[in-house]
Amino acid sequence: MIAASALFALAAASAPANLCTLCHPDVRVEFERSIHATEQVTCVSCHGGDQSASTVEAAHRGKFRGRIRRRDQPALCATCHSDAEQMSPYNLPTGQYALYQTSQHGRALAKGDENAAVCTDCHGVHEILRSDDARSSVYAANIPETCGRCHSDSALMSRYGLSGDPHADFIEGSHGRALLERMDASAPGCARCHGAHGATPPGVGDINKVCGQCHTRTRAYFVESPHKRAMDEAGLPECASCHGNHRIVKADVAALGTVCLECHDPGSAQAELAVQMQTLYLVASEDLESARRLVEEAAAIPLYIEDYLARLEEGSTSLVESQPAMHSVDLATVERLTGRARSIGHEVESELRGKLEGRKWRRVGLVVFWFYLLVTLGALIRFRSRAAREIET
Amino acid sequence: MGRRAGSKTRSLTGWLEERLNLTEMFSFLTNFGLFPAELDTRRPLREAVSEALSRPMPSYARWPRVLGILSVLLFLFLGVTGVMLAFYYQPTPSEAYDSVTAIVRDVSFGWFVHQIHGWAADAFLLVLLVRGWRLYFQGLYKPPRELLWMVAVVTFLAATHADLTGRLLGWNAAGYWSSVRAVDMLYSLPFLGPMFSFVVGGHHVDSLVLLRFYFLHVAVLPGLLCALFFLHFSGVRRVGLSHAPHDKPSGPGLFRVYLFNLLILTVLVFGTLVTLATVVPEAFHSVADPFSTPPGARAPWYLLASHGFLESFPAFVPRWLRGLLLESILAVSILLPFIDRSQGRTARQRRLAIPAGLVVLVLWLLFTWIGYRMEMVP
């Protein structure tokens, strides 16, 4: 009795009653997990009808929409999500629908292609979660799989003249490994390069801008280089020509030996330049590494190493900078940066060697110490035997 | 000139003698190993000493009697270097490691003092251990030397505690994890475990444990060791120096020779410590991290056997029973003079004791090896 009245009191408190879930309990389970459930969004917000009615006919009356048609769906979501006034408490952007209409997906839908992705394909239907919720299909680390649901379907993609498996390529590339294996949230998923709501493949001439969003120094060096103009004229994709697109090849100096030869002849001045840049980098890197080993040796003694660590950091910065600088294909620039790294490595090493050599004087001190010790011992033994003789006599 | 200086000294001694009982004071000091015979404290110092010297006395700064005075010498080195280290050391987890780093790196000859302290500690324990075995195999725990034996065992135990507490002070990974293992072991001992937890006040090695270890290391344990040395040497003065069964007693007046032996020994000990500190310096470990156990972390060498012993039992033997066994071994070794009551001291007369001692020694080495192989698993 008490329990019943408590239930009644609860039901009365959570007005108005949502009776849709009497017939759709499975939807209710999904919906109540969603971010919408905690806001003032209910079944009728999207589907229309009367949620307080207790018969099917009464509930499905009025502006009842039933199952939402795919082509109507983006506009329906936009009724709230494009309304700046409604979104402002959540600090959410309102331009998604406008962006969507410019996207490949939006344009295909406008042409009546119902295969084009709509909001629910990526965000889910009833169980919509915040994008920073790790369970969400649009969480950074889940986006490649979400996009891959359609873009790795070769039968579906062949209708649009798209081939390959960008999802499989992506997870093998260095961006994919960073995002999915190292869980590095700063690594890009699909949307960082292609856009999210306005998803469009970047044009050939725009690739350096897209990549340059993160690789700013590399872009700055690249646009100065003769490659930029030559590639524009030949209609070659800029960064992707050497690094690939979805399966991004880790930018490694070892690649200089092979990647350049894809366009330039072996033995050409350009191939020679690649080898020169590679050598400059490797030598500087080895010099810094050997200085670092010496610093570790000194740290174990212990000697003061804080200053050397700071200088090694400075050297590493120059060495790291030399990699984007190689995109300028200007030997002098690369030489300046690697030279700086080398000179710091040499400086640290020679200073530390001096300090470590200085410690060898301790051994010399030990020899002198033992000389005096033996003299003392000799004297003591002499005194002792004199004392022993005196006792005998 | 010489006569005037001599008379001046005499008069100074005389002047002091009228005001202080110099013989009493000298007698107290010699209880720490300087003088191996009893003094008549009612007589003036000079007379008392020459009277004592006229009695026959074996020179004992020689093998194997040297081990006793050697341990005192090493203790003196530990005391002097310890005081020097204490001028810079700060016993808190946040400061300890940095202060030791500062001693080793920044203070002039700090590395030297630190190394001497470390090597002297190892040598001190080793000498006490070897001395214990010598006393056992030469039957030097038999009447009237029962107390000397018990003091020797307790001195070794106190020294291991001094070493263990010292290992933590540097707050480096090796010392920290040694302490963790030792604390774990102590807690598996019935009676002694609860006593230990009362003294140290916690299962976790934290700032208060560091502070308490520090205080034990710099005050309580050195004080205890001093008291034990005092007990030992006053016992020696009463029952006489140890001698092997076939030893010939030496003539009188050998004290001066003995003093020279002592000086030679001091010089040799100092030379050895300096050489070790310079040529094979002990490693400087990285800072302690309670959340990561470095590879190779294990109990200190003198605890390896006990640890190996505790862990070698099959799982159904409860820990308290293993601990109880360990404690009974400890009790037997302290009370040995009252268990082995036979009189003979030659190997022929000790047909049971010598083989038993050898078996225990081999077992100790075996369990040390087993304990060494039990590295801590992070």
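**Entry 1: getting started**

Helices in these notes are DSSP runs of H or I with at least four residues, strands are runs of E with at least two, and both are numbered from the N terminus. I also remind myself that this is a predicted model.

**Entry 2: the loop around A:Met183**

I looked up A:Met183 and found it in the loop of chain A between helix H13 (174-181) and helix H14 (190-194). Its phi is near 55°, which is positive even though the residue is not glycine. Most residues other than glycine have a negative phi, and most peptide bonds are trans. Is A:Met183 buried or exposed? I find 10 other C-beta atoms within 10 Å, and exposed means 12 or fewer, so A:Met183 is exposed.

Next I turned to B:Phe191, another residue that is not a glycine, and its phi is positive at about 65°. B:Phe191 sits in the loop between H8 and helix H9 (192-200) of chain B. Having 11 other C-beta atoms within 10 Å, B:Phe191 is exposed.

**Entry 3: cis peptide bonds**

Where is A:Pro302 found? I located A:Pro302 in the chain A loop that runs between helix H20 (269-299) and helix H21 (306-325). The bond leading from A:Ile301 into A:Pro302 is cis, and omega is near 0°. In chain B I noted a cis peptide bond between B:Pro143 and B:Pro144, with omega about 5°. B:Pro144 belongs to the loop between H6 and H7 of chain B.

**Entry 4: domains**

For chain A, the domain assignment lists domain 1 (286-359) and domain 2 (364-393). The C-alpha centres of domain 1 and domain 2 of chain A are 52 Å apart. For chain B, the assignment gives domain 1 in two pieces (8-22 + 39-54) and domain 2 as 66-373. Here I noted 38 Å between the C-alpha centres of domain 1 and domain 2 of chain B.

**Entry 5: A:Ala234**

I then picked A:Ala234, which is part of helix H17 (residues 226-234) of chain A. A:Ala234 counts as exposed because it has 10 C-beta neighbours inside 10 Å. From A:Ala234 to A:Ser385 I count 151 residues in sequence, and the C-alpha to C-alpha separation is 101 Å.

**Entry 6: where the chains meet**

How many residues of chain A are in contact with chain B? I find 20 residues of chain A in contact with 17 residues of chain B. The side of chain A that touches chain B is made up, by class, of 16 nonpolar, one polar and three charged residues.

**Entry 7: the cores**

The largest nonpolar core has 78 residues, and B:Leu74, B:Ile116, B:Ala120 and B:Phe124 touch the most other members. Among the elements that give two or more residues to this core are helix H4 (66-86), helix H5 (93-105), helix H6 (110-137), helix H7 (146-169) and H12 of chain B. Which element gives the most to this core? H6(B) does, with 14 residues. There is also another core apart from this one, with 24 residues, including A:Ala274, A:Tyr281, A:Ala291 and A:Leu319.

I went back to B:Ile116 for its partners. Setting aside neighbours within four places in sequence, B:Ile116 is in contact with B:Phe77, B:Thr81, B:Leu273 and B:Ala277.

**Entry 8: B:Gly132**

B:Gly132 is also worth a line here, as a residue of helix H6 of chain B. With 18 other C-beta atoms within 10 Å, B:Gly132 is partly exposed. Beyond its neighbours within four places in sequence, B:Gly132 is in contact with B:Ala152, B:Val153 and B:Phe156. B:Gly132 and B:His307 lie 175 residues apart in sequence, and their C-alpha atoms are 20 Å apart in space.

**Entry 9: H12 against H15 in chain B**

Two packed helices are described by the angle between their axes and the distance between the axes. The axes of helix H12 (residues 301-311) and helix H15 (residues 353-373) of chain B come within 7 Å, crossing at roughly 80°. Angles of 65 to 115 degrees count as roughly perpendicular, and H12(B) and H15(B) are therefore roughly perpendicular to each other. On the H12(B) side I listed B:Leu304, B:Ala305, B:His307, B:Gly308 and B:Phe309. On the H15(B) side, the contact uses B:Trp364, B:Phe367, B:Thr368, B:Ile370, B:Gly371 and B:Tyr372.

Note on methods:
Residues are numbered from 1 along each chain as its sequence is written. Chains are lettered from A and ligands numbered from 1 in the order in which they are written. This is a predicted model: local features need pLDDT of at least 70, side-chain atom pairs count only at pLDDT 80 or more; totals for chains, interfaces and linings use all residues. Two residues are in contact if their C-beta atoms, placed from the backbone, lie within 7 Å. Ala, Val, Leu, Ile, Met, Phe, Trp, Tyr, Cys and Pro count as nonpolar, Asp, Glu, Lys and Arg as charged, and the others, Gly among them, as polar. Axes are lines fitted to C-alpha atoms, for helices over the stretch in contact, and angles run from 0 to 180 degrees between N-to-C directions. Angles under 35 degrees count as roughly parallel, over 145 as roughly antiparallel, 65 to 115 as roughly perpendicular and the rest as oblique. A nonpolar core is a set of buried Ala, Val, Leu, Ile, Met, Phe, Trp, Tyr and Cys residues joined through C-beta atoms within 7 Å. A residue is buried if 20 or more other C-beta atoms lie within 10 Å of its own, exposed if 12 or fewer, and partly exposed in between; C-beta atoms are placed from the backbone. Domain bounds come from an automatic or database domain assignment.
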